[in-house]
Amino acid sequence: MNKLKTMYMGIELHNPIILGASNLATDLDNLKRAEELGAGAIVFKSLFEEQIQLESFQLDEQLNEFNDINEEMLQIHPHLEHAGPDEHLLNLRKAKESLTIPLIASLNAVNKDTWLKYARLISETGVDGIELNFYQIPLDFNKGAQEIEKEQINIFREIKKNIKIPVSVKLSPDYSNILNFIKQLDEAGADSFVLFNSFFQPDVDIISEKHIQTSHLSHEGDYKKSLRYAGLLFDNIKADICSSFGILNGDDVIKLLLSGATCVQIVSTLYQNGLTQISNIRRGLEDWMDSKNYNSIEEFRGKLSKNKLTGNPFVYKRAQYVELILNSNEIFSGT
């Protein structure tokens, strides 16, 4: 019996530990190694609008034209001439043919036509599912939140209508009311939600007075926002919940599953500790389940979600914030 088995987007996984989209998830040797070390699934590195438009735009023009650039693009820029969409689709096919675990594609577009065309082309490569990165940076002072959300929901509906593989949506937490937005996408047929996107944020070198690139690996405790929303969403939507960002070890995975996540995506910890961290995390989860006499993840998944809390029903509300303010002296003094 495989006690770590779980279902994600209607796909059976040997365990809930997924290698998330990154440069690691491009090299076929890395993908095979991740499979050998026990990854439950792999999300292939994103295909970006910028790559797709490369044939039409010079690089400088392109980067000025498209401002919705995901953190992952920072690592792609030096190699854009070798990262066209046709090559990406070919690599997806090769990866799918080489792996026995599920492979999920990732698309990060801007224009509606690009979303629709490449979601269809990706679905024809044989991958098990597709992850849509709804990455939106507000740049237009005259465009309201409702208009942005409506556009993205319409794009999702069109994609879902035109492809047959499962579709997940990876989101940022920066929507006016992300619970409402997720509910609308859930009703539109989303198979899962990945919480949350990792952003590129600009920084400045005050000596040279120029913008600089910095490391955007996550840090200990960065999973907490994902934990909160997993706890709020569990049993309130039909779609699965995949927690992402700041998941570094087995303890983090356990916390997120207890809160209601179906699975997790890991990236930063693999850069910091190597791909063998996959097996370490899996072993940590299994050992904890043995110590608690759990025979399946479903026995404890969502145990600490908002809907199942009995001891402290206010944990997901303002109560913790108020307690922190009122008792800040005790909390920060360690007493």
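In this predicted model, Leu257 lies in helix H10, which spans residues 250–259. With a relative accessible area of 0%, Leu257 counts as buried, because a residue is called buried when that value is under 20%. Leaving aside neighbours within four places in sequence, Leu257 is in contact with Pro16, Thr262, Cys263, Leu285, Ile297, Phe300, Arg301 and Gly302.

Arg301 forms a salt bridge with Glu298, in which the closest N and O atoms are 3.2 Å apart, and Arg301 is itself buried, with a relative accessible area of 14%. Phe300, for its part, belongs to a cluster in which ring pairs link Trp288, Tyr294 and Phe300. A pair of aromatic rings is described by the distance of the centres and the angle of the planes. A search of the whole structure finds six aromatic pairs. One of them joins Trp288 and Tyr294 in a tilted arrangement, at 5.5 Å centre to centre and with 35° between the planes. Trp288 counts as buried at 18% relative accessibility, and Tyr294 counts as buried at 11%. Tyr294 also forms a tilted pair with Phe300, for which the distance is 4.9 Å centre to centre and the angle between the planes is 40°. Phe300 is buried, as is Tyr294.

Helix H8, which covers residues 178–187, has as its buried residues Ile178, Phe181, Ile182, Leu185 and Asp186. Seen down the axis of H8, these buried residues fall within an arc of 140°, and they therefore line one face of the helix. Such an arrangement can be understood from the geometry of the helix: an α-helix has 3.6 residues a turn, so residues three or four places apart point the same way. The elements that cover the buried residues of H8 include strand E7 (129–134), helix H7 (145–162), strand E8 (167–171), strand E9 (192–195) and helix H9 (224–233). Just after H8, Gly189 takes a positive phi of about 110°.

Strand E7, one of the elements that cover the buried residues of H8, is itself mostly covered, as six of its six residues are buried. Both faces of E7 are covered, with Gly129, Glu131 and Asn133 buried on one side and Ile130, Leu132 and Phe134 buried on the other. E7 pairs in the parallel sense with strand E6 (residues 103–108), and this pairing extends over four bridges. Within the pairing, Leu107 stands opposite Leu132 in E7.

Side chains of opposite charge can pair when their charged atoms come close. The structure holds nine salt bridges, among them the bridge between Arg301 and Glu298 described above. In another, the side chains of Glu35 and Lys32 meet at 3.3 Å, N to O. Glu35 and Lys32 both lie in helix H1 (residues 28–36), where they are three residues apart, about one turn of the helix. Glu35 is buried, with a relative accessible area of 15%, whereas Lys32 counts as partly exposed at 28% relative accessibility. In a further salt bridge, the side chains of Lys143 and Glu151 meet at 3.1 Å, N to O. Lys143 counts as partly exposed at 30% relative accessibility, and Glu151 is partly exposed too, with a relative accessible area of 36%.

Turning to the whole protein, there are 14 helices and 13 strands. Of the 335 residues in the protein, buried residues make up 50%. Among contacts in the protein with a separation of 6 or more, residues 24 or more positions apart account for 70%.

Notes: Residues are numbered from 1 along each chain as its sequence is written. This is a predicted model: local features need pLDDT of at least 70, side-chain atom pairs count only at pLDDT 80 or more; totals for chains, interfaces and linings use all residues. Side-chain values use heavy atoms; hydrogens and water are left out. Helices (H or I, at least four residues) and strands (E, at least two) are DSSP runs, numbered from the N terminus. Buried means under 20% relative accessible area, exposed over 50%, partly exposed in between (1.4 Å probe, protein chains only). Contact means heavy atoms within 4.5 Å. The arc is that of the directions from the helix axis to the C-beta atoms. Rings of Phe, Tyr and Trp (its six-membered ring) pair if their centres lie within 6.5 Å; planes under 30 degrees apart count as stacked, over 60 as edge-to-face and the rest as tilted. A salt bridge is a side-chain nitrogen of Lys or Arg within 4 Å of a carboxyl oxygen of Asp or Glu. Two strands pair if DSSP finds at least two bridges between them.
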